[in-house]
Amino acid sequence: MQSFFEGIVLLLGPVLILLALGITTMLSYTFFDILVPMMLEKHEQSSFQWTWVGLHCTWVLFLLVNILFNYFMCVMTRNSGPKYDQVVRELADATGFVFPETPAEVEEYRLEYEDKMTLRIRRRREREMEKNQQQQQEGRTTSTSTSPNHGTVNGNHNNNSDVLLTSTVTTSDAGSSSTSMITHRKQPQPNATTVVNPAPTTTSVRRWMLMGPFEWGFCHNSKQPKPPRSHYDHVTKRLVLNLDHYCPWMFNSIGYFNYRYFVNFLVYVFLGMSYGALLTFEPFMLLQTVEYSTHSKHERAMRQHLPRPQPMIPHRDEKMLISLAFMICAAIGFAILILGGFHVFLVLTAQTTIEFHGNWSKWRRQGNKFRNPYSEGYRKNWRRIYGDQPWFLAVLPSAREPQYLPFPIPGKDTRRFAAASTKIEIIPGNNV
């Protein structure tokens with residue numbers, strides 16, 4: 001079933017790309033063929049007529065170029081191949097990781113990784129059991145001190161009944177999961193109330209959450225070492241650095257090499273949709289007036305365009321495009337405001353969507369004690385995605401590769417190639 005769903009998502013890609021290009025074409029046609037003549041007529045008496053309209057056209061062309069460029073680059077930039085291999089080797093040098101070269105070395109590393117994960121999972125299970133037993137003990141103590149009739153529960157169980165202590169721990173990694181249930185049978189104490197254990201507590205743990213921020217793992221799907229912050233994309237069947245998600249609109253996974261294009265695309269789409277909604281708002285509202293209704297009837301009778309009663313009143317055959325343009329701009333603009341705002345937040349806090357969910361889980365357990373190990377502050381987090389250029393230049397069209405490695409090394413220079421001379425101490429997982 002999962003493979004079937006992944007196949008459907010993959011097939012949707014080309015369809016959604018054509019749909020996105022169709023929407024862009026329709027909105028561009030509406031602006032240049034309908035709105036520009038309206039604006040020329042509106043400013044006909046002004047000496048700055050062509051200046052105002054020229055500024056509108058320049059701004060729309062600027063947004064259109066940026067939207068199409070970032071969309072194209074996000075679709076075409078792959079998170080695999082020689083560029084991926086190069087960055088992985090730079091990461092290995094920077095973190096002091098001895099990258100296995102031969103199949104025998106890869107297998108040896110895999111076995112070492114499995115042993116390490118087995119030990120950490122076992123420790124986590126033991127802590128789950130201890131926590132469960134402690135809760136059971138507290139429950140028995142509370143019930144004993146409050147029940148006047150020792151040795152019974154609702155009059156149906158005597159003090160010879162067994163107490164079942166159950167704990168379930170689920171671990172998963174790269175699409176595979178394993179579940180272990182440990183059950184202990186413990187005899188109740190004499191003259192004590194027997195308390196039936198509630199439903200087993202199940203905790204789902206992904207292996208990458210058991211590892212340190214700079215610790216390498218192993219991907220069982222791609223059969224290769226797994227760099228920090230990387231995840232396996234089940235749709236493209238690739239191990240992706242800084243995987244955020246798979247986007248069917250992009251027909252591509254969003255990761256280290258194309259995340260900047262993705263965020264830029266969202267920002268420029270929001271600006272374009274907001275501007276489009278503002279431009280089409282007046283003609284859209286005029287469609288509800290008596291003037292437009294009368295004008296439309298006259299044009300239908302004459303079967304040709306007649307002079308507009310007002311400059312911003314559409315012709316009869318322009319009604320559908322104006323209505324569609326306004327509703328699409330308003331709806332997509334609102335949706336992109338939420339999605340784009342979330343990704344700008346992720347950029348400024350040095351997180352991916354996957355890490356956000358993991359960090360949220362850690363924050364709920366640890367509270368204010370939790371700190372994102374990849375965050376260096378808003379400015380440096382921004383620079384890790386956009387580079388050292390000023391922000392107004394960094395968001396302009398550019399096919400440059402990321403300037404920094406996928407994650408920071410405290411106190412070290414993590415610019416590409418410069419980081420190869422730095423070493424750090426691997427920090428083990430603090431969640432084991």
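What follows is a working chat about a predicted model of a protein.

Me: What secondary structure does the protein have, helices and strands?
Reply: The predicted model has ten helices and nine strands.

Me: How much of the protein is buried?
Reply: Of the 432 residues, 45% are buried.

Me: And the accessible surface, what does that come to?
Reply: About 23,700 Å² for the protein. Carbon and sulfur atoms account for 61% of that area.

Me: What share of the contacts join residues at least 24 apart?
Reply: The share is 67%, counted among contacts between residues at least 6 apart in sequence.

Me: Switching to salt bridges. How many are there?
Reply: The structure holds 14 salt bridges.

Me: Where does Glu-355 find its partner?
Reply: Glu-355 pairs with Arg-229, and the closest N and O atoms are 2.7 Å apart.

Me: Is Glu-355 buried or exposed?
Reply: Glu-355 counts as buried because its relative accessibility is 4%. Arg-229 is buried as well, at 9%.

Me: What about Glu-107, what does its side chain meet?
Reply: The side chain of Glu-107 forms a salt bridge with that of Arg-110, at 2.6 Å from N to O. Both residues are in helix α4 and three residues apart, so about one helical turn separates them.

Me: How accessible is Arg-110?
Reply: Arg-110 has a relative accessible area of 23%, so it counts as partly exposed. Glu-107 is partly exposed too, with 36% relative accessibility.

Me: Which residue does Glu-401 bridge to?
Reply: Glu-401 bridges to Arg-416, with 3.5 Å from N to O. Glu-401 and Arg-416 are 15 residues apart, and each lies in the segment after α10 (391–394).

Me: Where do those two fall, buried or partly exposed?
Reply: Glu-401 is partly exposed, at 37% relative accessible area. Arg-416 is buried, at 9% relative accessibility.

Me: Which residues are linked in a network of salt bridges?
Reply: Arg-383, Asp-388, Asp-413 and Arg-415 are linked that way.

Me: New topic, surface patches. Which residues gather in the patch of negative charge?
Reply: Glu-105, Glu-108, Glu-112 and Asp-115 make up that patch on the surface.

Me: Where is Glu-105 placed?
Reply: Glu-105 is in helix α4, which covers residues 103–146. Its relative accessible area is 36%, so Glu-105 is partly exposed.

Me: Which residues form the nonpolar patch?
Reply: The nonpolar patch consists of Trp-59, Phe-62, Val-267, Leu-271 and Val-344. Together they have about 340 Å² of accessible area.

Me: Which elements give two or more residues to it?
Reply: Helices α2 and α5 (259–286) do.

Me: Take Val-267. What is its relative accessibility?
Reply: The value for Val-267 is 34%, which means partly exposed. Val-267 is found in helix α5.

Me: Back to α2. Where is Phe-69 found?
Reply: Phe-69 is in helix α2, residues 49–76. With 22% relative accessibility, Phe-69 counts as partly exposed.

Me: What is Phe-69 in contact with, leaving aside its neighbours within four places in sequence?
Reply: Tyr-261, Pro-397, Ser-398 and Ala-399 are in contact with Phe-69.

Me: How many residues apart along the chain are Phe-69 and Ala-399?
Reply: They are 330 residues apart along the chain, and their C-alpha atoms are separated by 9.4 Å.

Me: Last one, Leu-21. Which helix is it in?
Reply: Leu-21 is in helix α1, residues 2–42. Leu-21 is partly exposed, with a relative accessible area of 38%.

Me: And what separates Leu-21 and Leu-68?
Reply: Along the chain, 47 residues; between their C-alpha atoms, 8.8 Å.

Terms used: Residues numbered from 1 in each chain as written. Predicted model: local features only at pLDDT ≥ 70, side-chain atom pairs only at ≥ 80, totals over all residues. Heavy atoms only, no water. Helix = DSSP H or I, 4+ residues; strand = E, 2+ residues; numbered from the N terminus. Buried < 20%, exposed > 50% of the residue type's maximum accessible area, 1.4 Å probe, protein only. Contact = heavy atoms within 4.5 Å. Areas by Shrake-Rupley, 256 points an atom, 1.4 Å probe, with all protein chains shown as cover. Patch = residues over 30% accessible without salt bridge, like charges linked within 9 Å, V, L, I, M, F, W, Y side chains within 5 Å. Salt bridge = Lys/Arg side-chain N within 4 Å of Asp/Glu carboxyl O. Lys, Arg positive; Asp, Glu negative; His and termini not counted. Charge placed at Lys NZ, Arg CZ, Asp CG, Glu CD.
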